[in-house]
Amino acid sequence: MEKPQTSISMSVIRRLPKYYRYLSELVEKGVTRISSKEFGRILGFTASQIRQDLNCFGGFGQQGYGYNVKELRDEIANILGLNKNNDAIIIGAGNLGQAIANYSGFRGSGFLLKAMFDINPRLVGISIRDIKIMDIDEMAGFIEEAKINVGIICTPKEGSQGVADRLVKAGIKAIWNFSPTDLNVPGDVIVENVQLSESLMVLAYLINERDRI
Ligand code: NAI
């Protein structure tokens with residue numbers, strides 16, 4: 001297989017999880033190969049979009065054959081790094097932090113939750129699905145000892161930058177940020193922001209647009 005391009009646009013990267021999800025479903029159904037046209041129909045993309053996207057990584061299809069579903073699924077998993085384990089901690093063990101801890105689906109994405117941290121003494125010592133909530137002051141030592149590489153921030157907006165600073169100081173290079181604030185971190189630290197409310201605003205806009213017609 002050709003070596004992938006070094007710089008792939010984020011819009012392609014953001015489509016890969018959808019490819020992965022549909023391909024996994026096809027594998028489960030026993031489908032062994034699929035044309036770009038058929039795959040596009042299922043995903044709601046054009047065949048040329050799919051070919052273009054997958055060509056960014058060296059192309060996986062064969063003229064007249066289409067794509068080998070399992071091979072393509074495994075390659076995408078590889079590109080996304082799903083086969084590697086990332087050990088993560090949650091900071092802020094409130095409603096959202098606990099909901100994330102209760103969701104078992106992250107394991108399939110290679111993320112293993114190792115502990116949660118909070119400032120509230122009433123939460124410290126409790127376990128959520130065997131994941132212990134610890135005092136925030138134990139965080140730096142835990143990160144070093146357990147070789148944690150991902151911090152998931154679920155604290156209120158006001159405290160989030162301080163939490164990010166502590167994570168960075170402890171050596172964390174990847175943050176999944178749920179707090180509604182843009183974090184200031186050094187250039188070598190990756191931050192992926194998730195905002196349900198922004199998605200909701202897009203929905204509001206689309207409803208608004210539809211009702212205007
Ligand atoms: P919550 O009040 O239930 O939980 C927050 C927890 O953080 C509390 O247990 C509190 O003791 C702890 N905490 C506060 N400061 C801390 C610090 N400096 N270090 C460690 N722990 C600290 O709040 P909830 O509902 O869980 O929301 C948490 C955050 O997530 C908020 O910023 C909220 O806006 C955000 N959120 C984001 C969503 C998204 O889609 N990105 C969806 C829902 C909430």
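This section describes the domain layout and the salt bridges of a predicted model.

The domain assignment divides the chain into domain 1 (10–80) and domain 2 (86–198). The C-alpha centres of domain 1 and domain 2 lie 32 Å apart.

Glutamate 38 is partly exposed, at 31% relative accessible area. Arginine 41 is exposed, at 60%.

A salt bridge also links lysine 173 and aspartate 188, whose closest N and O atoms are 2.9 Å apart. Lysine 173 lies in the loop between helix H7 (157–169) and strand S8 (174–177). Aspartate 188 lies in the loop between S8 and strand S9 (190–193). The pair therefore ties together parts that are 15 residues apart in sequence. Lysine 173 is partly exposed, with a relative accessibility of 43%. Aspartate 188 is partly exposed too, at 47%.

In helix H8 (residues 196–212), glutamate 209 and arginine 212 are 3 residues apart, a separation of about one helical turn. Their side chains meet in a salt bridge of 2.2 Å, N to O. Glutamate 209 is partly exposed, with a relative accessible area of 27%. Arginine 212 reaches 62% relative accessibility and counts as exposed.

Methods
Residues numbered from 1 in each chain as written. Predicted model: local features only at pLDDT ≥ 70, side-chain atom pairs only at ≥ 80, totals over all residues. Heavy atoms only, no water. Domains from an automatic or database assignment. Buried < 20%, exposed > 50% of the residue type's maximum accessible area, 1.4 Å probe, protein only. Salt bridge = Lys/Arg side-chain N within 4 Å of Asp/Glu carboxyl O. Helix = DSSP H or I, 4+ residues; strand = E, 2+ residues; numbered from the N terminus.
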